[in-house]
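Have a look at it first.

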Amino acid sequence: MDKKWLPLTITLGIAGVAVVAASVWPDDVEKPPLPQSLCHGALSRETAELIDDGRGGEASAGAWESKGSTTDSAVFKECPVLRADQDGAKRRGVYKLVVEETRSAPGTKKNSVPLGPGFTGWALPDRAEVTLPTGCAARMGSAAPHVKASLDVPSQDEERLYRRGEKPPVDPDTATRNNATVMREVATRLAERYDCAA
């Protein structure tokens, strides 16, 4: 190559790399604040922090995911939400959100509270469940007729607390309301993400 063309070649090469980098990492896309943006956007940070075990600490999350059978979209299966201990060195599990396909129609639990108009599900102080709108299963890559999200909050488990002689860290009515809020947001955000809102 003629040396007089070398500066131009280098300049064009650098510009090309910048264009490729800009297309891979666009500036206008918000980077997830937590792993997978709190499990693929199913939870906002504010809602994720509603459920607490009474010991405080900053919330974080991890996600185990699997590919849908008919799409390339990753559908998370389990989202453990953690909180930092006082020293910040350790994290403890506070609750777990699971999204899974199911063949059975949605049901209710004894003494549970319904999630409200537009939602098929229920809430208790230590558990909650919501069934996503019809059509979400196919959009999420499932051949099953339904997809449900369930919530497990061990710190509010009445039987475990009774055996230990402990009181619940959060008033049961407040815990139930918080669980219902979380499940409504999960259903809404996942339905929007997969474009399957009722």
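Ala 143 counts as exposed, because its relative accessibility is 67% (exposed is over 50% relative accessible area, buried under 20%, partly exposed in between, with a 1.4 Å probe and protein chains only). This is a predicted model, where local features need pLDDT of at least 70, side-chain atom pairs count only at pLDDT 80 or more, and totals for chains, interfaces and linings use all residues. Residues are numbered from 1 along each chain as its sequence is written, and side-chain values use heavy atoms, with hydrogens and water left out.

**Loops and positive phi**

- Ala 143 sits in the loop between helix H4 (136-139) and S8; helices (H or I, at least four residues) and strands (E, at least two) are DSSP runs, numbered from the N terminus.
- Thr 102 is 41 residues away from Ala 143 along the chain, and their C-alpha atoms are separated by 9.5 Å.
- Most residues other than glycine have a negative phi.
- Asn 111 isn't a glycine, yet it has a positive phi of about 65°.
- You'll find Asn 111 in the loop between strand S4 (91-102) and strand S5 (113-114), and at 67% relative accessibility it counts as exposed.
- Asp 195, also not a glycine, has a positive phi near 55°.
- Asp 195 lies in the segment after H6 and is exposed, with 59% relative accessibility.

**Salt bridges**

- The count comes to 5 salt bridges, taking a salt bridge as a side-chain nitrogen of Lys or Arg within 4 Å of a carboxyl oxygen of Asp or Glu.
- One of them joins the side chains of Arg 83 and Asp 52, at 3.4 Å from N to O.
- That pair links distant parts of the chain: Arg 83 is in strand S3 (residues 74-84), while Asp 52 is in the loop between helix H3 (45-48) and strand S1 (59-61), 31 residues apart.
- Arg 83 counts as buried because its relative accessibility is 6%.
- The side chain of Arg 83 also reaches the backbone oxygen of Ile 51 at 3.5 Å; that is a polar contact, meaning a pair of N or O atoms within 3.5 Å, where within protein one must be able to donate a hydrogen and the other to accept it, and residues adjacent in sequence count only if both atoms are side-chain atoms.
- Another salt bridge pairs Asp 126 with Arg 127, with the closest N and O atoms 3.9 Å apart.
- Asp 126 is buried at 14% relative accessibility, whereas Arg 127 is partly exposed at 33%.
- Lys 148 and Glu 129 meet through their side chains in a salt bridge too, at 3.6 Å from N to O.
- Lys 148 lies in strand S8 (residues 146-152) and Glu 129 in strand S7, so this pair ties together parts that are 19 residues apart in sequence.
- Lys 148 and Glu 129 are both buried.

**Helix H6**

- How far apart are the end C-alpha atoms of H6? They are 31 Å apart, which agrees with the 32 Å that its 22 residues should span at 1.5 Å a residue (the expected span is 1.5 Å times one less than the number of residues).
- At the N-terminal end, Asp 171 caps H6, with a side-chain oxygen 3.1 Å from the backbone nitrogen of Asp 173.
- The buried residues of H6 include Ala 175, Asn 178, Asn 179, Met 183, Glu 185 and Leu 190.

**Pocket and cavity**

- Rolling a probe the size of a water molecule over the atoms shows where empty space is left.
- On a 1 Å grid over the protein atoms alone, a cavity is a set of points where a 1.4 Å probe fits but cannot get out, and a pocket is an open set with protein on both sides within 12 Å along at least five of seven lines; lining residues have an atom within 4 Å of a point.
- The largest pocket holds about 240 Å³ of space, where a volume is the space filled by probe spheres set on the points, and grid points are joined across faces, edges and corners.
- Its lining has 16 residues, with Gly 118, Thr 131, Leu 132, Pro 133 and Ala 198 nearest the centre of the largest pocket.
- Strand S7 (127-131) and helix H6 (172-193) are the elements that give two or more residues to that lining, and H6 has the largest share, 3 residues.
- There is 1 cavity of 30 Å³ or more, and the largest cavity has about 50 Å³ of space.
- Among the residues lining the largest cavity are Ile 51, Asp 52, Ala 175, Asn 178 and Asn 179.
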